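Let's walk through this model together, one part at a time. Keep the structure open beside you as you read.

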Amino acid sequence: MSTFLAFVEAVHAIAHTRGSKAKTQIAADYFRTIVDADELETVVTWMSDGAFSQLSGRSATVGAATIAQAACRFLDIDYEAVFRPSKTATGSSSETISRLMEYLPSGCSSRQPRNLSVHEVMSLFEDIASARGRAEKEAYLWAAWKAMTGLEIRYFLRVLAQGSLRIGFDAKNVVSAVAEVFAIEPDTLRSAWMLTGSAGHVARLCLEGQLDTAQFELFRPLAFMLASPIEQKKVDDWSAYVVEDKYDGMRCQLHGSGAEVRLFSRDLNSISESFPDLIADMQGRDLPSVVLDGEICVVTEGIIRPFQWLQKRMGAKKPAKKLLEEYPVQFIAYDILYHQEELLIDQALHKRRAVLEALSQSFTIPLAEQYPLSGEADIDRYFDLAIGRGNEGLMLKRLDSVYEFGQRRRSWLKVKRPGGSLDTVILYATAGSGRRGGTLSDFTLAVRVADDDRFEQEWVPIGKAYGGYTNDELRQLNDALRPLIVERFGPTVAVQPKIMVEIEFDAIQENKRTKAGYTLRFPRFKAIRWDKPITEANTLKDVEKMHSEG
Amino acid sequence: MHLPALDIAFDVNAAVASHCFVTHAHADHVPRDRRMKVYATPNTAALMRIRGFVGDIQELPFFEVLELPNARVSFYPAGHILGSAMVYVESDEGTLLYTGDCRRPAAPTSEGFVSPDKVDVLITEATFGLPIYRWASHEELFDQIRRFAMDALNAKETPVFYAYNLGKAQEILHALAPTGIRAQIHGGGYPLCQVYTDAGIDLGRYEKYNKNTLAGAALIAPLSAEDQPMVTKIPKARHAYVSGWASNESRRQQLNVDALIPLSDHIDFYKLIDWVTHLRPKRTYITHSPTPEVVCHFLHKAGLDAVPMSQEFG
């Protein structure tokens with residue numbers, strides 16, 4: 001029987017080793033020690049996905065605040081006086097908790113590490129996930145901590161958080177390590193991973209000698225292909241691409257075969273229940289066995305309606321008849337991944353398109369129009385046309401590209417209208433040097449997380465703006481900020497969050513290194529909102545939504 | 001730190017009092033005015049002179065009492081680096097101990113750590129004044145240093161230790177001494193080694209950095225050399241960051257090093273609390289800490305009076 005400590009020691013060794021080859025070796029050596037298929041699936045999933053596989057759609061749903069408060073009570077320390085400054089110093093809640101557990105007398109005396117097995121820890125994750133409310137979750141956290149070493153606690157919390165283990169070893173590396181253990185071509189295993197959507201499951205199949213069953217199955221979702229923002233990639237040959245409108249809808253994978261039709265969202269969850277009208281419509285067409293990639297949009301009077309209309313439908317698990325009538329949806333197809341017992345993902349886009357067009361004709365499935373591209377200059381024209389049709393922008397797709405799961409390469413590029421705007425609050429201001437010497441001219445702006453379970457503070461920085469204001473505005477701003485200063489760090493001052501600024505930006509980008517998890521491209525002032533109370537500032541959830549809808 | 005009533009001062013930049021004491025030879029404790037008159041221990045005096053201090057240094061050996069008009073002053077070993085001292089002051093107002101930088105248990109390359117039995121007022125550093133800081137033993141950390149160097153050399157790579165030129169560098173040399181590993185040290189640290197060997201501390205086979213003979217040796221250099229040719233031009237190197245701050249995992253990404261070795265020349269949180277609760281001063285002032293309130297919080301829980309050092313003290 002394999003222990004959690006063995007997992008933790010392997011993970012910790014990976015963290016302390018440089019170079020992906022050496023890290024892969026450690027992971028492979030560890031996986032080799034595991035002979036039980038359940039255990040192997042579990043530990044591979046922990047390393048690649050977290051406590052639960054992404055495919056399962058499950059998570060422990062326990063917030064950072066709950067964990068921190070539970071730890072403070074466990075350790076009998078004051079959150080504000082002890083935990084918060086310690087966490088600020090390490091920058092990591094899990095590291096802070098694990099060190100305090102090891103070092104504080106209260107942490108040592110309340111724990112009796114008893115070398116839990118992988119199975120036992122997995123059941124703790126299950127318990128925490130199914131527990132209701134903070135108190136119950138806290139009880140399970142305590143039960144886990146009582147039986148663990150500090151280092152076990154550190155990685156227990158990171159696996160639980162379903163985020164990165166912060167060991168410089170991602171899911172792709174984990175799959176490479178599994179490939180090494182079973183002496184299988186990494187590419188073979190990688191495609192099995194993509195088809196099944198679970199590194200843990202693939203590892204199990206390898207151990208059981210069943211890898212050949214890691215095949216595509218209808219009604220099991222495939223990982224989606226993703227697009228890169230066009231600004232991030234250099235394009236040499238525009239004529240290698242075709243253009244489609246980018247719909248302001250919900251990405252969807254449709255699996256169908258005759259009377260059986262199912263829909264999956266981008267996170268591989270089933271969304272069939274939310275769209276019974278679409279299911280019924282597709283069932284009526286008696287499709288051959290197919291997997292289509294496309295977009296769900298609200299369409300009335302032949303017009304694609306804005307995303308806000310679709311949102312009315314997205315929330316409803318069992319939509320009422322009235323809702324279905326007011327907001328009817330359509331599936332607009334733009335790719336085909338599987339057709340009549342044949343997986344098409346390794347075929348070039350233009351070949352897949354030919355199959356899709358034929359299918360669309362026979363079964364009257366709405367199709368995204370495709371246009372050839374001759375040069376960069378065409379983009380502006382197509383972009384304006386797409387916006388004119390109420391769509392979000394453009395998708396550029398390479399004609400010779402295969403369907404690459406989860407990749408953000410050059411095969412698909414998205415062109416969107418400049419980002420948007422947010423109401424933010426000034427947290428820090430920095431005095432510039434040179435012409436603006438002494439004047440506070442760079443501003444760190446924050447969005448609200450006061451009602452966000454994941455955070456203990458009220459605001460998180462989202463970007464830094466140093467332009468877009470007039471000289472008059474800058475003077476007014478300086479006058480207003482001076483009395484709000486609470487702390488100084490060299491040329492930078494921290495201010496009370498009192499002043500709201502509406503900012504414009506080009507795009508929202510994911511950035512794991514920031515507290516918010518996102519950064520803005522080119523944020524700049526649009527207006528200082530003296531008129532608005534700061535409680536009306538945008539929240540991080542707004543930012544996340546804008547990003548996911550983008 | 002200035003005590004106007006007694007006309008004495010510690011680790012100040014200019015002659016603000018008639019009698020100024022330097023606790024140790026790190027740059028942030030030595031006066032910027034390189035010509036003023038100060039008191040220091042003989043080893044601190046020697047290190048200061050090598051580092052370019054040209055003022056009048058009155059050497060005051062440990063435990064020797066200096067009789068001043070308003071006070072009696074003596075040095076106690078601080079355990080931080082060679083020569084490092086705490087200043088003990090007896091006056092009509094009672095007794096006071098100023099720690100400067102200190103380490104308990106003492107760095108093996110220092111003269112030890114000796115505390116007076118009783119003080120009324122303690123002014124202590126708390127650089128690592130958070131309960132996330134607890135140091136492993138010197139044996140354990142020295143072992144890490146030796147193993148890192150041997151592993152790298154066995155793999156035909158150059159072990160590079162990032163460490164301060166004064167104090168930490170000599171501690172690493174001392175750790176490596178029993179292994180017989182040859183070590184080269186940055187030009188800023190090399191001349192200081194003589195003071196250590198004169199004090200009878202074994203620094204092993206050390207020599208001044210020379211790129212032509214570096215192969216097969218370990219290199220000790222300050223972190224500022226990270227992007228300098230002496231480090232970047234080494235064909236194959238492994239890097240270790242040796243500092244109390246290395247206890248924070250985040251330093252790994254920030255510095256891009258192979259190993260973090262949390263060997264500190266400062267007292268850790270637990271030894272500090274333990275020492276102060278046994279010493280039981282009437283009042284403790286916390287200084288040199290980004291989070292003095294945390295130390296005060298724990299001392300309050302132990303029933304002691306403690307406050308962050310403020311500007312108006314004295």
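What percentage of the 314 residues of chain B count as buried? The figure is 51%, where buried means that 20 or more other C-beta atoms, placed from the backbone, lie within 10 Å of the residue's own.

Before going further, a word on the ground rules. This is a predicted model, in which local features need pLDDT of at least 70 and side-chain atom pairs count only at pLDDT 80 or more, while totals for chains, interfaces and linings use all residues. Residues are numbered from 1 along each chain as its sequence is written, and chains are lettered from A and ligands numbered from 1 in the order in which they are written.

Let's stay with chain B. Its C-alpha trace spans about 65 × 45 × 30 Å along the principal axes. The radius of gyration of chain B is 20 Å, which agrees with the value near 20 Å for a compact globule of 314 residues; the radius is taken over C-alpha atoms, and the globule rule is 2.2 Å times the number of residues to the power 0.38.

Chain B has eight helices and 18 strands. Seven of the strands form an open, mixed sheet in the order E6-E7-E8-E9-E10-E17-E18, where pairing requires at least two DSSP bridges between two strands. At the edges are E6 (66-67) and E18 (306-308) of chain B, each pairing on one side only.

Now look at E17 of chain B. Strand E10 (residues 121-125) pairs with E17 (residues 283-287) in the parallel sense over five bridges. Here Ile123(B) stands opposite Tyr285(B), and Thr124(B) is opposite Ile286(B). E17(B) also runs parallel to E18(B), joined by three bridges, with Ile286(B) opposite Pro308(B).

Next, the interior. In soluble globular proteins, nonpolar side chains tend to be buried together.

Terms used:
Helix = DSSP H or I, 4+ residues; strand = E, 2+ residues; numbered from the N terminus. Buried ≥ 20, exposed ≤ 12 C-beta atoms within 10 Å, placed from the backbone.
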